[in-house]
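Welcome! Please open the structure in your viewer, and we will walk through it together, from the whole chain down to a single residue.

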Amino acid sequence: LDVYAPPGKLGIIIDRDESAIFVHTIKARSILIGKLFAGDKLIAIDDECIRMKTVKEVSRMVAERNSNPTRKLRVIRSVPRGPIDV
């Protein structure tokens, strides 16, 4: 699943488990509410594989692209969807 993010901060918190980087929390004012969900696994950003990267490296990649007109996040959707942070 490809999710396209507009410029600016995403408003998500990511984490890593033994297999992947995943969305831990969607903040209440996130520009991606309804597009990304807690538990979604991130596998690429702008077609660059992130499977072997650290959370810090992925966060830096996203921040460096904050002013891009769009960013493509490739995710594997996990079910059930997690709550939004309020």
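In what order do the elements of the chain run from the N terminus on? Colour by secondary structure and follow the chain: the order is β-β-β-β-β-α-β-β. That gives one helix and seven strands; helices (H or I, at least four residues) and strands (E, at least two) are DSSP runs, numbered from the N terminus.

A word on what you are viewing: this is a predicted model, where local features need pLDDT of at least 70, side-chain atom pairs count only at pLDDT 80 or more, and totals for chains, interfaces and linings use all residues. Residues are numbered from 1 along each chain as its sequence is written, and side-chain values use heavy atoms, with hydrogens and water left out.

Next, select the C-alpha trace. Along its principal axes it spans about 30 × 30 × 20 Å.

Of the 86 residues, 35% count as buried, meaning under 20% relative accessible area with a 1.4 Å probe, protein chains only.

For the last stop, select T25. You will find T25 in strand β3, which covers residues 21-27. Is T25 buried or exposed? T25 counts as buried, because its relative accessibility is 11%.

Notes
Buried means under 20% relative accessible area, exposed over 50%, partly exposed in between (1.4 Å probe, protein chains only).
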